[in-house]
Amino acid sequence: MVEIIQLSSRQQKIVEMVKEEGPITGDQIAQALNLTRATLRPDLAILTMTGILDARPRVGYYYQGKASQSVGKVLKEYLVKSFQSVPVVVRDNTMLYDAIVMIFMEDVDTLIVVGETGNLEGVLSRKDLLKITLGQMDLHKVPVSVMMTRMPNVVTVTPEESIYNAAKKLVDHEIDALPVIKHLIEDGKNVYQVVGRLCKTNLTKLLVELAEA
């Protein structure tokens, strides 16, 4: 059975742009889509890994159109637990000011918010913090629990899920990171223990490893 590689809408736009204007640099693609080069890096890595695009130093990306079927298979075989990173967590009573300091000190896109017992309560992204700074809140007096995205609205992934499933969640929900969780029952209630974090950087590192292998 032949696997069909499913591209996101943004990846399809990139392919069409390169077909029409290539060779074109990554910076030019980012500028045309009004995005940063860092945001585009995972998409460009996927498109070059699959053989749809190729790249030459000092020249740019050009259309090749030879999609490989092996990459999709590999991504479905690799598990999240092999590539997840250490989660960056804060308590739900942490003040927003301290959360802003941590997100930049740790250089992450998303903070994972936990309760007193260490179980997942929500997430706080850079986008959330940007909205906060545009308002009139006293960042030293408002806890992250006021502004975070709460469970059960948080998109999560388990250690046993495939990298493909995790990547699809990131693309479908247009988010930067996923809490890696284990589902437990405590006092008859569903709780989620945070055991890791998977972000776009993890996926990009995997693609680089595949290319080098």
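Tutor: First, the ground rules. This is a predicted model, in which local features need pLDDT of at least 70, side-chain atom pairs count only at pLDDT 80 or more, and totals for chains, interfaces and linings use all residues. Residues are numbered from 1 along each chain as its sequence is written, and side-chain values use heavy atoms, with hydrogens and water left out.

Student: How are two packed helices described?

Tutor: By the angle between their axes and the distance between the axes. Axes are lines fitted to C-alpha atoms, for helices over the stretch in contact, and angles run from 0 to 180 degrees between N-to-C directions. Helices (H or I, at least four residues) and strands (E, at least two) are DSSP runs, numbered from the N terminus. Here, helix 1 (residues 9-21) packs on helix 2 (residues 26-33) at about 120 degrees, and the axes are 11 Å apart.

Student: What is the orientation of helix 1 and helix 2 to each other?

Tutor: Angles under 35 degrees count as roughly parallel, over 145 as roughly antiparallel, 65 to 115 as roughly perpendicular and the rest as oblique. Helix 1 and helix 2 are therefore oblique. Their crossing is right-handed. A crossing is left-handed if the near helix is turned anticlockwise from the far one by less than a right angle, and right-handed if clockwise.

Student: Which residues of helix 1 and helix 2 meet?

Tutor: Contact means heavy atoms within 4.5 Å. Helix 1 brings Arg-10, Lys-13, Ile-14, Met-17 and Val-18, and helix 2 brings Ile-29, Ala-32 and Leu-33. By class, this contact of helix 1 with helix 2 has 6 nonpolar, no polar and 2 charged residues. Ala, Val, Leu, Ile, Met, Phe, Trp, Tyr, Cys and Pro count as nonpolar, Asp, Glu, Lys and Arg as charged, and the others, Gly among them, as polar.

Student: At what angle do helix 1 and helix 3 pack?

Tutor: The angle is about 70 degrees, with the axes 10 Å apart. Helix 1 and helix 3 are therefore roughly perpendicular. Helix 1 passes helix 3 in a right-handed crossing. Arg-10, Gln-11, Ile-14 and Val-15 of helix 1 meet Thr-39, Leu-40, Asp-43, Leu-44, Ile-46 and Leu-47 of helix 3. The residues of this contact of helix 1 with helix 3 divide into 6 nonpolar, 2 polar and 2 charged.

Student: Now the backbone. Which peptide bond ending at Pro-23 is cis?

Tutor: The one from Gly-22 to Pro-23, with omega near 0 degrees. Pro-23 sits in the loop between helix 1 and helix 2. The bond from Met-151 to Pro-152 is also cis, with omega near 10 degrees. Pro-152 belongs to the loop between strand 6 (149-150) and helix 7 (163-173).

Student: What is the phi of Asn-34?

Tutor: Positive, about 60 degrees, although Asn-34 is not a glycine. Asn-34 lies in the loop between helix 2 and helix 3 (37-49). Asn-34 is exposed at 71%. Asp-107, another residue other than glycine, has a positive phi near 55 degrees. Asp-107 is in the loop between helix 5 (96-105) and strand 4 (110-114). At 61% relative accessibility, Asp-107 counts as exposed.

Student: How do I read the buried side of a helix?

Tutor: An α-helix has 3.6 residues a turn, so residues three or four places apart point the same way. In helix 5, the buried residues are Leu-96, Ala-99, Ile-100 and Ile-103. They cover an arc of only 100 degrees around the axis, which puts them on the same side of helix 5. The arc is that of the directions from the helix axis to the C-beta atoms. Their cover includes strand 4, strand 5 (120-125) and helix 6 (126-133).

Student: Is Asn-202 buried or exposed?

Tutor: Asn-202 is buried, with a relative accessible area of 9%. Asn-202 is in helix 8 (residues 200-212). Neighbours within four places in sequence aside, Asn-202 contacts Phe-83, Gln-84, Ser-85 and Arg-197.

Definitions and conventions
Buried means under 20% relative accessible area, exposed over 50%, partly exposed in between (1.4 Å probe, protein chains only).
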